[in-house]
Amino acid sequence: AQFYSSANFGNTNRPSNQAFQLAGFAPPVTRAHDGSLEATLMKRTATGNLFRMSSITDSNWSNQARYGDIVGGSQLQSGRIASGIYTTKTEFEARFPLLRGRGEQINRIPIVLARINTDISLADFEGAVRNMLMDTENAYWDLYFSYRSLEAAKIGRDSAQVTWKNIYEKRKFGALADQDEAQARGQYFQFRGQVEGSLRDVYSTETRLRWLMGLAATDGRLIRPKDEPTTARVEFDWTTIHAESLFRSTELRQQKWRIKQRELELISAKNTLLPWLSVSTVGRWVGAGDNLIQASRVGNGLGDTPTFTPGVEGNSGLGSTAFEPMTGGDYGEAFVQVDFLPPQFGARRELSAVRN
C-alpha cells in the first residue's frame, strides 16, 4: 500500500472590472483565501486491481456579501450563506483492468524476474566457489608432484655425479678417454639443470597455491604437502556420477533460469499488444459547512433552507459543520467510468519486443 498527502494554501487580492448598485454584493476589490488538504491511501493487488481511499478537505473565504447582510439599508435576499466554507469529501475508488495488465502472472513478472536474476547471481557465486576449491585442490597436488619431480631430479643428478667421478678417476689412470669424461660431465650438468628447473617449478606452484589460499608470498616459509595420494583401488559408478553432475551443474541451472526469464519476458511483451480496458467505480460522500468539525452534532446544515429575521444581520446557515453531513451520509455521489486505449497503430515497438 502507498500513502500520499498534499496540502496547499493561497490568497487572492485583485480589483474587479464590474460594478453593481449594491456594492457589497460584488466588492470592487475581491479578497479570498483558499486551502486544500488531501490524504490518499492506495493499494494495487496482485491481479492488477487498484483500490483507493481519499480524504479531501477544501476551505474558501471571500469578502463577497452574504445572504441576509444589510447593504444600503436593505437586507440582501441572495448571496453566500457564510463568508468562509469548508468542504470535505471521502472517496472510495475501485479500478479493474480487463485486458492489458490483468492477472497475477502479468503483475508478478517483475518480482519473478528479480528473483530469477538473484538466483542466477547465486549460481555464479556457487560456480566461482566450486572453481576456487577445484583450483586449490589441483594446485595442492601439483605442488606434491613438483616435490616428487624435484626428488627424482635430485636422484638423477646425484647418480650422474657419482658416474662422472668414477669416469674421472678411470681417465686419470688412462682406462677411459677424455671424451668419456666429457660426456659424463655433460650428463651431470644436464641433470643439475633439471634439478634447478624442478626447483623453479616448486616455487612457482607454491606461489600459486599461496595466492589461492590468500597467504603472503614472502613470509619466509615454504609450503610442503603433508597428505599422500591414496593408493587404494577406486571404482566409480559413472552413471550415478553423471546424473548427479547434471543435477548439481550450476551452468545448467543458470541456463534453465535464463530460459524461464525469456519465457516471462515474452509473455509480458505479448501483453503489451492488448488494448487497455478498465472499469472504475467511485463512491463519494460530501459535507460542507462554515466550520470544519465539532465535538457534538449541531443539527444545522449548510444546505438547509436559509431564513433570517428582518433587520437582523445573519442567517440560519451559520454554525454548520462539514464533517456532520459527510459522516451522516446526507450527500452521496457515485459514478462509473470505462477507459479504452488501443495500442498504437502498427504497434511496431511492441512487435519488435515480441520478436526480440
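## A partly exposed phenylalanine

Phe92 counts as partly exposed at 39% relative accessibility, a class that lies between buried (under 20% relative accessible area) and exposed (over 50%), judged with a 1.4 Å probe and protein chains only. This is a predicted model, in which local features need pLDDT of at least 70 and side-chain atom pairs count only at pLDDT 80 or more, while totals for chains, interfaces and linings use all residues. Residues are numbered from 1 along each chain as its sequence is written, and side-chain values use heavy atoms, with hydrogens and water left out.

Phe92 belongs to strand 6 (residues 84-97), strands being DSSP runs of E of at least two residues and helices runs of H or I of at least four, numbered from the N terminus.

## The nonpolar cores

The largest nonpolar core has nine residues: Ala139, Leu143, Tyr147, Leu150, Ala153, Val195, Val202, Leu209 and Leu212. Such a core is a set of buried Ala, Val, Leu, Ile, Met, Phe, Trp, Tyr and Cys residues joined through side-chain atoms within 4.5 Å. Two or more residues come from each of helix 1 (104-172) and helix 2 (178-213), and helix 1 gives the most, with five residues.

Leaving aside residues up to four places away in sequence, Val202 touches Leu143, Ser146, Tyr147 and Leu150, where contact means heavy atoms within 4.5 Å. A second, separate core of six residues includes Ile109, Leu113, Ile116 and Leu264.

## A positive phi at Ala347

Although Ala347 is not a glycine, its phi is positive, at about 45 degrees. Ala347 sits in the loop between strand 8 (331-341) and helix 6 (348-355), and is buried, with a relative accessible area of 9%.
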